[in-house]
2 protein chains.
Amino acid sequence: MKDLDPSIQAFILHFGEMGSRWGINRTVGQIYALLYVAEEPLNAEQITDRLGLSRSNVSMGLKELQSWRLVQSQHIPGDRKDYFSTPEDVLDIAMTLLQEKRKRELDPTLTLLRQTLMESPKNPELEHAQNRLQDMCNLMEQVSDWSDDLLKLSRSDLQLLLRFGNKVPRLLEMKDKLNILPKKQKPK
Amino acid sequence: MKDLDPSIQAFILHFGEMGSRWGINRTVGQIYALLYVAEEPLNAEQITDRLGLSRSNVSMGLKELQSWRLVQSQHIPGDRKDYFSTPEDVLDIAMTLLQEKRKRELDPTLTLLRQTLMESPKNPELEHAQNRLQDMCNLMEQVSDWSDDLLKLSRSDLQLLLRFGNKVPRLLEMKDKLNILPKKQKPK
DNA sequence: TAGTTATTTCAGAAATTACTGAAATTACCG
DNA sequence: CGGTAATTTCAGTAATTTCTGAAATAACTA
């Protein structure tokens, strides 16, 4: 791993190792980390050199990261190479991650659950199972709706909400007291 | 896979396949799914039989699930075997998951980032990198604090919050208008 | 306690996933 | 177009992870 300060190197290696927990592989984690701290967009060759990976591996890794929308590519006029970079804004990054994770880790299961719950149970054991699936389905739908709503918030509302933290419960109390949100009202 | 209704079988297989995306393996996913829909706690042998896995694999899978606190074991008087089950309440399950995911997927990185940010940058390139890491660190800390607060909520507040969904932004507006939250807690 | 049953461990096998280099494809330029 | 540089694909290999069966350990009972 060439030309990299030890602390940056440590960061890149860490992302590589965490990659497997996060559902990407080591290479992909490293490429992301490198691009994330880079001052300028980098081309595939530069990435290959700095990380000591094969060119083809870098190509595949970049493709993967693009499929997550975590890196973007751009052309620099007068240069044939593709240059890659990560979005500046960490909140944007987090929202993209939320969206992609939901798509990959939640939606498929939600689909299956809804499908399964269409059938009517034929015996007590099945009925119990269906109840369990219904519980899971309900919760996942709520989480899914929540994340939808999050994704629609403006940047400033998002920041506000994040900074709120432990004050959310107090907001909830407030709602009771002030009776602002009608109990059964549909979303507009 | 014996004695299982096709729809339940589909559910178990699906959990097995999703397992790899969720950071557990197929076997662990299947065991969890089976226990989740079971009417009664099951012992390791029953799991082995119904899923067609090796006894040792089931043992390891159960250990893994216990390390996630997603299944609990209990003794049934007069029976030597251990019986395993999942918590009843899906909200409990979700909160456990949140806690464990944070511990495994967020905390280690937060630790590394904080460590790295102790050092002072020696050149412009490093300074840029440190700024990037600082941004990431701040966001992750906010997410971490948020989840802490979530975990402290009562069941009923949690349910309320979940059902809220898209009304959260309205709450945020409200906060401005009503000036309820003390300003002393200015986030740094 | 010895005898029995249940569980865990672990080394090797099997399966899966990641990585590489060579070849094919694409993109660009004159 | 033809030539060149950049990228992607893909078959084979390497590395990693998962799974198994046998052996060791632990838990219980008479």
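**Notebook: helix contacts, a sheet and a DNA surface**

I began with the contact between two chains and listed its residues: A:Arg104, A:Glu105, A:Pro108, A:Thr109, A:Leu112 and A:Thr116 in helix 5 of chain A meet B:Ser7, B:Ala10, B:Phe11, B:His14, B:Met18, B:Arg21 and B:Trp22 in helix 1 of chain B. I sorted this contact of helix 5 of chain A with helix 1 of chain B by class and noted six nonpolar, four polar and three charged residues. I record here that the model is a predicted one.

**Entry on the helix axes**

I recalled that two packed helices are described by the angle and the distance between their axes. At what angle do the axes of helix 5 of chain A and helix 1 of chain B cross? I found that the axes of helix 5 (residues 90-118) of chain A and helix 1 (residues 6-22) of chain B cross at roughly 180° and come within 10 Å. Angles over 145 degrees count as roughly antiparallel, and therefore helix 5 of chain A is roughly antiparallel to helix 1 of chain B.

**Entry on chain A**

I then looked up the elements of chain A, and noted eight helices and three strands. Read from the N terminus, their order is α-α-β-α-α-β-β-α-α-α-α. Chain A has 188 residues, of which 21% count as buried. I also looked at contacts in chain A with a separation of 6 or more, and residues 24 or more positions apart account for 49% of them.

**Entry on the sheet of chain B**

In chain B I examined an open sheet of three strands, with the order 1-3-2 and antiparallel pairing. Which strands are the edge strands? I identified strand 1 (42-43) and strand 2 (72-75) of chain B, each of which pairs on one side only. Strand 1 of chain B pairs with strand 3 (residues 82-85) of chain B over two bridges, in the antiparallel sense. Across from B:Leu42 I found B:Phe84, in strand 3 of chain B.

**Entry on DNA strand D**

I counted 22 residues around DNA strand D, and those that come nearest are A:Ser56, A:Asp82, B:Ser54, B:Ser56 and B:Asn57. Which helix supplies the largest share of the surface near DNA strand D? I found that helix 4 of chain A does, with six residues. At least two residues each come from helix 3 (44-51) and helix 4 (55-67) of chain A, and from helix 2 (26-37) and helix 4 (55-67) of chain B. By class, I noted five nonpolar, nine polar and eight charged residues in the surface near DNA strand D.

Notes. Residues are numbered from 1 along each chain as its sequence is written. Chains are lettered from A and ligands numbered from 1 in the order in which they are written. This is a predicted model: local features need pLDDT of at least 70, side-chain atom pairs count only at pLDDT 80 or more; totals for chains, interfaces and linings use all residues. Helices (H or I, at least four residues) and strands (E, at least two) are DSSP runs, numbered from the N terminus. A residue is buried if 20 or more other C-beta atoms lie within 10 Å of its own, exposed if 12 or fewer, and partly exposed in between; C-beta atoms are placed from the backbone. Two residues are in contact if their C-beta atoms, placed from the backbone, lie within 7 Å. Two strands pair if DSSP finds at least two bridges between them. A residue is near a molecule or strand if its C-beta atom, placed from the backbone, lies within 6 Å of it. Ala, Val, Leu, Ile, Met, Phe, Trp, Tyr, Cys and Pro count as nonpolar, Asp, Glu, Lys and Arg as charged, and the others, Gly among them, as polar. Axes are lines fitted to C-alpha atoms, for helices over the stretch in contact, and angles run from 0 to 180 degrees between N-to-C directions. Angles under 35 degrees count as roughly parallel, over 145 as roughly antiparallel, 65 to 115 as roughly perpendicular and the rest as oblique.
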